[in-house]
Amino acid sequence: MAGHDEGGLRRVRVYGMLIALLGIMMFPFYVMFSSTFKPESEIFSAPATLVPSQPSLGAYVDVWTQTDVLLWIANSFVISLGTVVLTLLLAIPAAYSCARNDFVGKRTFLLAVLVVQMFAPVVLIVGLFDVISRLGLFNTYLAVIVPAAAFTLPFNIWMLYGYFKTVPVELEESARIDGASQLQVLTKIVLPLTKPALVASITYTFLYAWNRLLFVLTFLTDSGKYNIPRGVFSMVGALQTDWRMMLTVSVIGIIPLLVLFAFLEQYIVAGMTAGAVKE
Amino acid sequence: MSLAEERTRTGDDSRLAQSAAHIKRNRRAYLLIAPAAVFLVAVVGYPILETFRLSLYRSPADSTIETFVGLQHYVDIFNSDIFYRLLWQTGRWVAVGVAGKTLLGLLIAVHLKGDIRGRKFFRTAFLIPWGIPYAISAVVFRWIEHPQFGYLNAILLKLGVIEQGIGILGSPDIAWLGVVVADIWIGTPFMAIIFLAGLQSIPQDLYEAAAIDGAERWHQFRYITLPQLKSVILMATLLSTIWTFVSFDVIWTMTGGGPISTTATLVIHIYQVGLQNGNLGLGAAYSVIGFLLLLLFAVVYLRVYTRGGEEL
C-alpha cells in the first residue's frame, strides 16, 4: 500500500512539474495570442492585463486590410518550397550514391558536408554577399533559396544517406532484372521505402527556410518579396511600433507551422535526434 | 580488389592509371555526388575563400575599388578595445545561453521520460518554440519586456518585486539578459528532445537493479542517468554552443546589438561592420576570426562524432 501511495504522489509531482514547465514555455504564446484580441485602447494600457477584457477580432481585420501579410505568407511559401525542391534534387542523388557505392573520396565528401553544417551562414555573410551580387541574384527569390539550400543540404544528405543504406540491395537488383531503369528503381522502390526520412528532410528544410531572417534581410531589399520574418521585422519601428498589428501578423505567420507540427511531429523529432543520438 | 589494396599499390606511373580506372569504374557514383559537391563548393567553399581574400583588402561595399592592406585589419582588431569587449560579451552570451538550455532541457526531458499520459501532446507543445521564426519569438519577448505595457513588468509590479516599470532592453547592464532569456526559450526544445531520446535508450533494468538496492531518486539520477547520458549531453551542448555562438536573428530583432553595443556578439559585429557600415574588408577579417572559433568547435564535434573509428 505504502508503495502505491508513493507512486501516486510521484505521479502528481511529475505532472505538476510538467504542467509548470509547459506553462513557462507556453507563456510567450499566450501573451502573443491574447494581445491580438485586445482592442487598441487596452493593449496600450499599463499595467498589462492578462486576459482581454473585451475580446475583439479587430486586429485581424486591420492586418488584413492594412498590411501585406498575405503577400508575405505567399513569399514564405515560395521560398520554403523552392528550397525544399532544390535541396532534394541535390541531396537525393548524392546520398544514394554514397549509400550504394564505395569510392575514393566518399569519406572526405561526407565529412566535408558535416563541416558545412558547422559553418553558420552569418559568419559567411560577407563572402556570400559577394557571391550573390556577382551572380546577379539580388532581389530575386533565388538569392534566399540558394544559400538556404546550401545550409540545409548537409542535414538532408546525412539523413537520406542513413536511410538509403537500410534498403536491401537485393530489392533493387531484382527490379533491375525485371527491366526497371535506375531512375525507376530510385523513384518506385527506394524513395517509397524511405518515406520517413524524406518527410523529415522536407519538414526540416521547409522550417529552416520559413524561419530564417538573415538571408532575406541581406539579399532582398524589395519589400514585395519579404517573407513573414522579414515582414514582422519591418514592422519594428525606430520610434513607434504598432505592437497590436505586429503580434497579429506573427500569429498568422506561425499558423501554417502549427499545422505542420500537429501532423508531422514524429518526423520532426526523428530528424532532430538523428544527428545527436546514436543508437 | 578492395579500395585499400588499390590505394596501397606502389609505383608512381601505375598510380595514375589506377586512379583513372577507379574513377571510370565509379563514374556513375561520382556523377551523382557531383551536383551537390559543386553546389557546396560554389555557395559555401567559394565564399569562405572570398572572405579570407577580402580580409586583406580595404573594400567599401559601395565601390568597386579594393586596396590591398595586408594584415592591417587584423592588427587593428587585436589593438581595439571593442574586440575584447565582444569576446567577453560573446562568451557570457554563449555560457549563460547554453547552460540555461541544457538545464531546462534536462528538466523537461527527465519529467517526460516515464510513463506519461499524453506524452505526444507534451512533446509537440514543448517543441513549438524551436520551430517558429526567431524574429517572431524576438518581437514577442520584446513585447513581454516592454517597459510600459509589458507583461513582465505587470507581473513584477503585482508581486511587489519592483516599484515601477523597468526598461530591460534599454538598460546597458541587463539588456543582454533580456535577450538571452529569449534565446534560451528558443533553444530549450532541441535539448529536451535530444535528452528525451537519450534517456529512452538507457536500459530500464539499470534502474530496476538500483531500486532493489534502495537507491534514492537523486542517486539514480547522479549515478545512472548522468553517466549513461554523458555522450548525448556532450554532443547536444556542443551543437548548442555552435548555434548559440552564431545566433543572429534574435539579437538583431530584439536590440540590434544595442544599447551602446552591450548585446552585440562577434557575429552581430560582423554584420554591423561588414554589411551595415559597408566595410566588407574589416567585416571579413572579423568573419575569419569567427571561422577559426567555429573550426575549433567543429574539430571537437567531429572527434566526438567519429569516435572509435566507426564506419561512416
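Predicted model: local features only at pLDDT ≥ 70, side-chain atom pairs only at ≥ 80, totals over all residues.
Student: Which element of chain A has the lowest mean pLDDT?
Tutor: For chain A as a whole the mean pLDDT is 88, and 96% of the residues reach 70 or more. Among the elements of this chain, the highest mean, 96, belongs to helix 11 (residues 214–219) of chain A. At the other end, with a mean of 83, stands helix 2 (residues 40–43) of chain A.

Student: How many helices and how many strands does the secondary structure of chain A come to?
Tutor: Reading along the sequence of chain A gives the pattern α-α-α-α-α-α-α-α-α-α-α-α-α. The secondary structure of chain A therefore has to be described through helices, and the radius of gyration of 24 Å, well over the 19 Å that the globule rule gives for 279 residues, shows that the chain is more spread out than a compact globule. The count for chain A is 13 helices and zero strands.

Student: What share of the residues of chain A count as buried?
Tutor: The C-alpha trace of chain A spans about 75 × 70 × 35 Å along its principal axes. Among contacts in chain A between residues at least 6 apart in sequence, 73% join residues at least 24 apart. Of the 279 residues of chain A, the share that counts as buried is 47%.

Student: Which helix of chain A supplies the largest share of the side of domain 1 that touches domain 2?
Tutor: Chain A is divided into domain 1 (2–56) and domain 2 (66–274), and the C-alpha centres of these domains of chain A lie 33 Å apart. The contact takes six residues from domain 1 of chain A and six residues from domain 2 of chain A. On the domain 1 side, helix 1 (2–36) and helix 2 of chain A each supply at least two residues. The largest share, four residues, comes from helix 1 of chain A.

Student: Which helix of chain B gives the largest share of the side that touches chain A?
Tutor: In the contact between the chains, 87 residues of chain B meet 81 residues of chain A. The residues on the chain B side divide into 64 nonpolar, 19 polar and four charged. The largest share of that side, 17 residues, comes from helix 3 (residues 27–54) of chain B.

Student: How far apart are the end C-alpha atoms of residues 29–49 of chain B?
Tutor: An unreviewed UniProt entry annotates several spans of chain B as "transmembrane region", including residues 29–49 and 174–197. The span 174–197 of chain B is 96% helix and 0% strand, with end C-alpha atoms 35 Å apart. Over residues 29–49 of chain B the chain is 100% helix and 0% strand, and the distance between the end C-alpha atoms is 27 Å.

Student: What is the radius of gyration of chain B?
Tutor: Chain B holds 14 helices and two strands. The globule rule gives 20 Å for the 312 residues of chain B, and the value for the chain is well over this, so chain B is more spread out than a compact globule. The radius of gyration of chain B is 25 Å.

Conventions: Residues numbered from 1 in each chain as written. Chains lettered and ligands numbered in written order. pLDDT = per-residue confidence, 0-100. Contact = placed C-beta atoms within 7 Å. Nonpolar A, V, L, I, M, F, W, Y, C, P; charged D, E, K, R; others polar. Domains from an automatic or database assignment. Rg over C-alpha atoms; globule rule 2.2 N^0.38 Å. Buried ≥ 20, exposed ≤ 12 C-beta atoms within 10 Å, placed from the backbone. UniProt positions renumbered as here; feature names shortened; annotations may be inferred.
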